Amino acid sequence: VTHSIPACIGSMTINSKQLDNESPVSIFAVNKCYETVQDGTFFDGSGFAALVREGYKVRSDVNITLEFRTTAVHGVLLGVSTAKVDAIGLEIVHGKVLFHVNNGAGRITATYEPRGTNNLCDGKWHKLQANKSKHRISLIIDGNSVHTDNPYIQSTSADTNNPIYVGGYPADVKQNCLTSKSSFRGCLRNLVLTKGQHTELFDFSSAFDLRGVFPHSCPGAEH
């Protein structure tokens with residue numbers, strides 16, 4: 001076994017002596033336990049998860065679905081970029097969800113703005129779907145759809161080759177389709193990327209870099 005157990009461990013004794021887990025000599029990727037817990041991965045607002053070390057190729061089509069829960073009005077959800085301009089990005093800015101795509105000719109954005117008293121940063125689960133099909137992009141939040149016109153219809157492929165960064169990204173990494181530098185604080189679950197017939201569900205415990213991210217442990221609804 002080469003990975004940690006997603007669980008809570010307490011009251012451990014060795015040779016009848018109770019270990020002091022309040023002041024460890026060192027600590028890595030260990031969080032406190034919660035009395036009420038939900039499925040999901042907790043992002044504490046300080047870091048990110050990095051997936052697909054060899055680089056994810058968006059190209060012409062990708063469909064992203066995920067569920068999020070947050071009380072913060074700003075935060076990076078997901079970004080895939082390249083050293084050039086091609087990239088995609090999902091973020092929450094001022095309580096709106098933005099889906100940016102740059103196929104090389106220029107950035108286009110689909111913006112979902114909650115109506116009336118609807119609030120996406122209310123600490124409840126919301127379902128997001130972001131779809132890029134050649135030059136067309138759309139964003140669906142809780143079943144409500146937003147489309148945007150793309151003047152660059154000849155440019156259809158986002159030729160990315162960088163990892164997928166979720167919930168934030170390192171300071172030295174370029175992200176051409178994110179405007180926010182704020183790391184996400186809240187919980188994410190069910191991140192799925194689909195290309196054609198290939199569907200991939202990403203488990204955050206398999207990320208090659210995790211900072212301030214705690215897989216399989218989402219504290220119960222915040223009040």
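Predicted model: local features only at pLDDT ≥ 70, side-chain atom pairs only at ≥ 80, totals over all residues.
Figure 1. Apart from neighbours within four places in sequence, the contacts of H135 comprise N103, I108, N150, Y152, I153, S155 and T156.

**Figure 2. The hairpin of strand 10 and strand 11.** Two residues separate these strands, and K134 in the turn adopts a positive phi of about 55°. Strand 10 covers residues 126-133, and strand 11 covers residues 136-141. The two strands run antiparallel and are joined by six bridges. Within this pairing, N131 stands opposite S138 of strand 11.

**Figure 3. The two faces of strand 10 and its pairing with strand 5.** In a regular strand, side chains alternate between the two faces of the sheet. The covered face of strand 10 carries H126, L128, A130 and K132, whereas K127, Q129, N131 and S133 belong to the uncovered face. Strand 5, residues 61-69, runs antiparallel to strand 10 and is connected to it through eight bridges. Q129 of strand 10 is the bridge partner of T65.

**Figure 4. The stacked pair of F42 and F214.** A pair of aromatic rings is described by the distance of the centres and the angle of the planes. Four aromatic pairs are counted in the model. For F42 and F214, the ring centres are 6.4 Å apart and the planes stand at 25°, so the pair is classed as stacked. The pair links distant parts of the chain, with F42 in strand 4 (residues 41-51) and F214 in strand 16 (residues 209-214), 172 residues apart. F42 is buried at 7% relative accessibility, and F214 is buried with a relative accessible area of 12%.

**Figure 5. The edge-to-face pair of F48 and Y165.** The ring centres of F48 and Y165 lie 5.7 Å apart and their planes meet at 75°, so this pair counts as edge-to-face. F48 belongs to strand 4 and Y165 to strand 13 (residues 164-166), a separation of 117 residues that links distant parts of the chain. F48 is buried at 4% relative accessibility, and Y165 is likewise buried, at 9%.

**Figure 6. An aromatic cluster and a charge over a ring.** F43, F184 and F204 are linked into a cluster by ring pairs. The charged end of R189 sits over the ring of W125, at 3.8 Å from the ring centre.

Methods. Residues numbered from 1 in each chain as written. Heavy atoms only, no water. Buried < 20%, exposed > 50% of the residue type's maximum accessible area, 1.4 Å probe, protein only. Helix = DSSP H or I, 4+ residues; strand = E, 2+ residues; numbered from the N terminus. Pairing = 2+ DSSP bridges. Contact = heavy atoms within 4.5 Å. Phe/Tyr/Trp six-rings, centres within 6.5 Å; stacked < 30°, edge-to-face > 60°. Lys NZ or Arg CZ within 6 Å of the ring centre and 35° of its normal.
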